[in-house]
Amino acid sequence: MPLPHAAPWLHAVPLEGYAHDLHAALRQRPRSISPKYFYDDAGSALFERICELPEYYPTRTELALLRSHAAEMAALMGEAVQLIEYGAGALRKVRLLLDALSAPHSFVPVDISGPHLLAACRALQAEHASLAIQPVVADFTRPHDLPARPQRGQRVGFFPGSSIGNFSPDQALEFLRMAAQELRGGALLIGVDLVKDPAVLHAAYNDAQGVTAAFNLNVLARAQRELGAELDPAGFAHSAFYNAPLQRIEMHLQSRGRQQIRLDQRVYEFEDGETLHTEHSHKFSVAGFQTLAARAGFKAGPVWQDAREWFALLWLQA
Ligand code: AVJ
């Protein structure tokens, strides 16, 4: 089924190549690669499994908050809202908002993966026949076009999942500044994972079934599959730990012994214990996040948190 409203905004953006970025990652010290390379089909499927793990509380906590408070959030959005979702994925969370909205102007999911975005939009359109869905295939951290602002309603951004935690503090500020400008006159509804007992955080990124380990190691498996890299994934161990001073989980792939990775004629040596850093997942306090958002031009609004104060959804006025 075609998406009647999709066509004008559909444009592919060139992606930086994995090969290029992996060479750059392996050349530098400390070695580090963007977490965006987790998410090929295999990695995305592993992430879906992570979200179901007993130890991984963020997804179910945020879903519960959305279920309980969707009506309040929808009331703040008002009539004829243009709802922009940054990094749309399966659209599971935004459905809870869309179900609560009375007469939205349109829904604009922005995602880098065109085929997945369109499949998700088609499924959503089947449930919401009259909803104007205007997918934008783009890297939402880069300048991107959006459909025009609605005449009557406000523009509201939705950025769930604590995905902002993947950014460095500078990148987070840069994204928030861009969003504040893009959403001016409206608001941003953003999910953030909160600072808590390090044991709880540690367990969430070191699950008993090893799904997070497989997710992390998929970066190497993917290099083998897609780039023909010569390496031994079993030669690397999943390492995830809480860096308390910097308020973040760090994920690394740690070399078990000395070994090499070969990529396009180039050979990269790993010493025993040397790591390739794959992800930061920053944790926040509500007040700390509001301060960061204020620097980007947002005014703090309502906050919804679970009883344990493990996760928060913040309303930020743009
Ligand atoms: C999708 C970035 C929010 O940081 O918790 C889950 C990704 N990494 N387990 C997170 C992730 C390891 C997740 N985010």
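## Starting at Leu231

Leu231 sits in the loop between α8 and β7 (236-243); helices here are DSSP runs of H or I with at least four residues, strands are runs of E with at least two, and both are numbered from the N terminus. This is a predicted model, in which local features need pLDDT of at least 70, side-chain atom pairs count only at pLDDT 80 or more, and totals for chains, interfaces and linings use all residues. Residue numbers start from 1 along each chain as its sequence is written.

Is Leu231 buried or exposed, or something in between? Because it has 18 C-beta neighbours inside 10 Å, Leu231 counts as partly exposed. The cut-offs, using C-beta atoms placed from the backbone, are 20 or more other C-beta atoms within 10 Å for buried, 12 or fewer for exposed, and anything in between for partly exposed. Leu231 touches Leu220, Ala223, Gln224 and Ile261, leaving aside residues up to four places away in sequence; a contact means that two C-beta atoms, placed from the backbone, lie within 7 Å. Between Leu231 and Leu220, 11 residues apart along the chain, the C-alpha separation is 7.8 Å.

## The nonpolar cores

A nonpolar core is a set of buried Ala, Val, Leu, Ile, Met, Phe, Trp, Tyr and Cys residues joined through C-beta atoms within 7 Å. The largest one has 54 residues, and Leu97, Leu188, Leu189 and Leu316 touch the most other members. Strand β13 (residues 311-317) gives the most to this core, with six residues.

A second, separate core holds 21 residues, including Phe38, Leu220, Ala229 and Phe270.

## Two helices side by side

Two packed helices are described by the angle between their axes and the distance between the axes. Helix α2 (residues 41-52) and helix α8 (residues 211-227) have axes that come within 9 Å and cross at roughly 170°. That makes α2 roughly antiparallel to α8. The axes are lines fitted to C-alpha atoms, for helices over the stretch in contact, with angles running from 0 to 180 degrees between N-to-C directions. Angles under 35 degrees count as roughly parallel, over 145 as roughly antiparallel, 65 to 115 as roughly perpendicular and the rest as oblique.

On the α2 side the contact is made by Ala42, Gly43, Leu46, Phe47, Arg49 and Ile50, and on the α8 side by Val211, Thr212, Ala214, Phe215, Asn218 and Arg222. By type, the residues of the contact of α2 with α8 are seven nonpolar, three polar and two charged. Here Ala, Val, Leu, Ile, Met, Phe, Trp, Tyr, Cys and Pro count as nonpolar, Asp, Glu, Lys and Arg as charged, and the others, Gly among them, as polar.

Ala179 is found in helix α6 (residues 169-182). It counts as buried, because 25 C-beta neighbours lie inside 10 Å. Apart from residues up to four places away in sequence, Ala179 touches Gly157 and Leu188. Ala318 belongs to the segment after β13, and with 22 C-beta neighbours inside 10 Å, Ala318 also counts as buried. Leaving out residues up to four places away in sequence, Ala318 touches Ala180, Leu183, Arg184, Gly185, Gly186, Ala187, Leu188 and Phe298.

Pro198 is in helix α7 (residues 198-204). With 14 other C-beta atoms within 10 Å, Pro198 is partly exposed. Its contacts are Tyr242 and Ala244, not counting residues up to four places away in sequence.

## Backbone details

Most residues other than glycine have a negative phi, and most peptide bonds are trans. Where does the backbone show a cis peptide bond? The bond from Arg29 to Pro30 is cis, with omega near -10°, and Pro30 lies in the loop between α1 (18-27) and β1 (31-32).

Gln265 is not a glycine, yet it has a positive phi of about 70°. It lies in the loop between β9 (259-263) and β10 (266-270) and, with 5 C-beta neighbours inside 10 Å, counts as exposed. Glu309 has a positive phi near 60°. It is placed in the loop between β12 (299-305) and β13, and with 12 C-beta neighbours inside 10 Å, Glu309 counts as exposed.
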